[in-house]
Amino acid sequence: NLKGSGFCKGFTALSKRALLNLWRNPMVLKLRLVTVLIFSFIACSIFWNMQYDQKGLQNRAGFLFFFTINNFMTIIFGTVLSFPLERGVFLREHANKLYGVFPYFLSKNLIESPIGLLVTFLYGAIVYFLVNLRPGADHYFTFLCNYVCLAYLGQSLGFVFGTGFSDLNTALIITQFSVLPAFLFSGFLINQKNMPVW
């Protein structure tokens, strides 16, 4: 019974439930791993062993753009879609004062983050060396750190859009139109110095 429970009790119960849901749905993790392997294969087959010349420079810019867009969109849309499925249960239980918003959010992140990190590190480890990015452990770990930050940014924005709109279609449309300007002005498609001041 969680009625009027404090933070610790609510957090523990929600974490157990999230873990149980994950345990009962092993296909989700398998699909994420298969997706990582497929996109790794695509990225590595196109950008295999890039050289350190003028063509290689253009190829690296293309790889970084593909890698960033693909991973960010996969993470943000996956997160946007996750909350609406639980919205009804959450609103009902929260209205009955079974737990607060913070224990729910924290437990969800605690259970989902290790899987996200595993997928992130797996994808990063596969593509970094096969596409021949800059050698050296410090460069590799800088790449992984940036990739993890990108993943958490996508997850955070996904939670914002997923919880901000009650209609799933609206959330998806707003998400798409919100992230598109970030891609256009990221510096990959047009040099930042050539962009209009506004």
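Predicted model: local features only at pLDDT ≥ 70, side-chain atom pairs only at ≥ 80, totals over all residues.

Mentor: Let us start with Lys108, which is buried at a relative accessible area of 6%.

Trainee: What makes the contact between Glu86 and Lys108 a salt bridge?

Mentor: The term asks for a side-chain nitrogen of Lys or Arg within 4 Å of a carboxyl oxygen of Asp or Glu. For Glu86 and Lys108 the N to O distance is 3.1 Å, and the pair qualifies. It links distant parts of the chain, with Glu86 in helix H3 and Lys108 in helix H4, 22 residues apart. Glu86 has a relative accessible area of 28%, so it counts as partly exposed.

Trainee: How many salt bridges are there by this rule?

Mentor: The count comes to 2. Arg17 and Glu93 also form one, at 2.9 Å from N to O. Arg17 lies in helix H1 (residues 7-24) and Glu93 in helix H3 (residues 54-95), so this pair ties together parts that are 76 residues apart in sequence. Arg17 is partly exposed at 31%, whereas Glu93 is buried at 14%.

Trainee: How do you know what counts as a helix, and how many are there in the protein chain?

Mentor: Helices (H or I, at least four residues) and strands (E, at least two) are DSSP runs, numbered from the N terminus. The protein chain has 6 helices and 0 strands, and the pattern along the sequence reads α-α-α-α-α-α. Its C-alpha atoms fill a box of roughly 65 × 40 × 25 Å along the principal axes. Buried residues make up 33% of its 198 residues.

Trainee: How do you know that the span of helix H4 agrees with its number of residues?

Mentor: The expected span is 1.5 Å times one less than the number of residues. For the 30 residues of H4 (residues 101-130) that should be 44 Å, and the end C-alpha atoms are 43 Å apart, which agrees.

Trainee: Where is the kink in H4?

Mentor: The kink is at Glu112, shortly before the proline Pro114, and amounts to about 35°. The bend at a residue is the angle between axes fitted to the seven residues ending there and the seven starting there.

Trainee: What does the side chain of Ser107 reach?

Mentor: The backbone oxygen of Tyr104, at 2.9 Å. A polar contact is a pair of N or O atoms within 3.5 Å; within protein, one must be able to donate a hydrogen and the other to accept it, and residues adjacent in sequence count only if both atoms are side-chain atoms. Ser107 is in helix H4 and is buried at 2%. In helix H5 (residues 137-164) we find Thr142, whose side chain reaches the backbone oxygen of Asp138 at 2.7 Å. Thr142 has 45% relative accessibility, so it counts as partly exposed.

Trainee: What makes the phi of Asn132 worth a look?

Mentor: Most residues other than glycine have a negative phi. Asn132 has a positive phi of about 70° although it is not a glycine. Asn132 lies in the loop between H4 and H5. Asn49 has a positive phi too, near 50°, and is found in the loop between helix H2 (26-46) and H3.

Trainee: Which residues form the nonpolar patch on the surface?

Mentor: They are Leu64, Leu180, Leu184, Phe185, Phe188, Leu189, Ile190 and Trp198, with about 830 Å² of accessible area together. Patches take residues with over 30% relative accessible area and no salt bridge, joining like charges within 9 Å and nonpolar side chains (Val, Leu, Ile, Met, Phe, Trp, Tyr) within 5 Å. The areas come from the Shrake-Rupley method with a 1.4 Å probe, and for residues only the protein chains shown count as cover. Phe188, in the segment after helix H6 (168-184), is partly exposed at 37%.

How values were computed: Residues numbered from 1 in each chain as written. Heavy atoms only, no water. Buried < 20%, exposed > 50% of the residue type's maximum accessible area, 1.4 Å probe, protein only.
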